[in-house]
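The following report describes how the elements of one chain are arranged and where a few of its residues sit. Please keep the sequence and the model in view while reading.

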Amino acid sequence: MEVGLVYSSKDPRQVKARDFVINFIKERGILANVVESDEPVESPTVIINGLTLTDLRTKPRRKNAGMFPDLATLARILEKQAWCL
């Protein structure tokens with residue numbers, strides 16, 4: 001599995017998403033090549049096997065909320081992609 005992460009280490013929410021993805025992969029023993037890029041971005045980008053994860057919302061869930069899938073959604077997609085290999 002190929003996983004790309006673009007995130008800002010200055011944003012604790014983005015670091016949390018990054019750590020979640022890394023730990024999810026390690027805890028389940030998924031063989032994955034993870035490529036990380038620390039950049040000044042507003043929202044993290046996760047690319048799994050060429051599929052860029054995006055949120056379909058046009059407005060944030062709440063004030064100052066990111067426009068990125070939540071951790072449960074990330075988990076579902078990672079699990080699905082791991083089983084589809």
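In this predicted model, the axes of helix α1 (residues 12–27) and helix α2 (residues 71–83) come within 11 Å of each other and cross at roughly 30°, the axes being lines fitted to C-alpha atoms, for helices over the stretch in contact, with angles that run from 0 to 180 degrees between N-to-C directions. That angle makes α1 roughly parallel to α2, since angles under 35 degrees count as roughly parallel, those over 145 as roughly antiparallel, those from 65 to 115 as roughly perpendicular and the rest as oblique. On the α1 side, Lys16, Ala17, Phe20, Val21 and Phe24 meet Leu71, Leu74, Ala75, Leu78 and Glu79 of α2, where contact means heavy atoms within 4.5 Å. Sorted by class, this contact of α1 with α2 has 8 nonpolar, no polar and 2 charged residues, with Ala, Val, Leu, Ile, Met, Phe, Trp, Tyr, Cys and Pro taken as nonpolar, Asp, Glu, Lys and Arg as charged, and the others, Gly among them, as polar.

Two sentences on the basis of the values belong here. Residues are numbered from 1 along each chain as its sequence is written, and side-chain values use heavy atoms, with hydrogens and water left out. Because the model is predicted, local features need pLDDT of at least 70 and side-chain atom pairs count only at pLDDT 80 or more, while totals for chains, interfaces and linings use all residues.

The chain has 2 helices and 4 strands, which follow the pattern β-α-β-β-β-α along the sequence; helices (H or I, at least four residues) and strands (E, at least two) are DSSP runs, numbered from the N terminus. Of the contacts in the chain with a separation of 6 or more, 68% are between residues 24 or more positions apart. Buried residues make up 32% of the 85 residues, where buried means under 20% relative accessible area, exposed means over 50%, and partly exposed lies in between (1.4 Å probe, protein chains only).

| Pair | Sequence separation | C-alpha distance |
|---|---|---|
| Pro44 and Val6 | 38 residues | 5.5 Å |
| Thr45 and Tyr7 | 38 residues | 6.5 Å |
| Asp70 and Ala17 | 53 residues | 8.4 Å |

Pro44 lies in the loop between β2 (33–38) and β3 (45–48) and counts as buried at 13% relative accessibility. Thr45 belongs to strand β3 and, at 26% relative accessibility, counts as partly exposed. Asp70 has its place in the loop between β4 (51–53) and α2, and its 35% relative accessibility makes Asp70 partly exposed.

Gln81 is found in helix α2, and with 17% relative accessibility Gln81 counts as buried. Leaving aside residues up to four places away in sequence, Gln81 touches Met1, Ile48, Asn49 and Leu51. A polar contact of 3.1 Å joins the side chains of Gln81 and Asn49, the term denoting a pair of N or O atoms within 3.5 Å of which, within protein, one must be able to donate a hydrogen and the other to accept it, and residues adjacent in sequence count only if both atoms are side-chain atoms. Asn49 itself lies in the loop between β3 and β4 and counts as partly exposed at 32% relative accessibility. Most residues other than glycine have a negative phi. The phi of Asn49, by contrast, is positive, near 50°.
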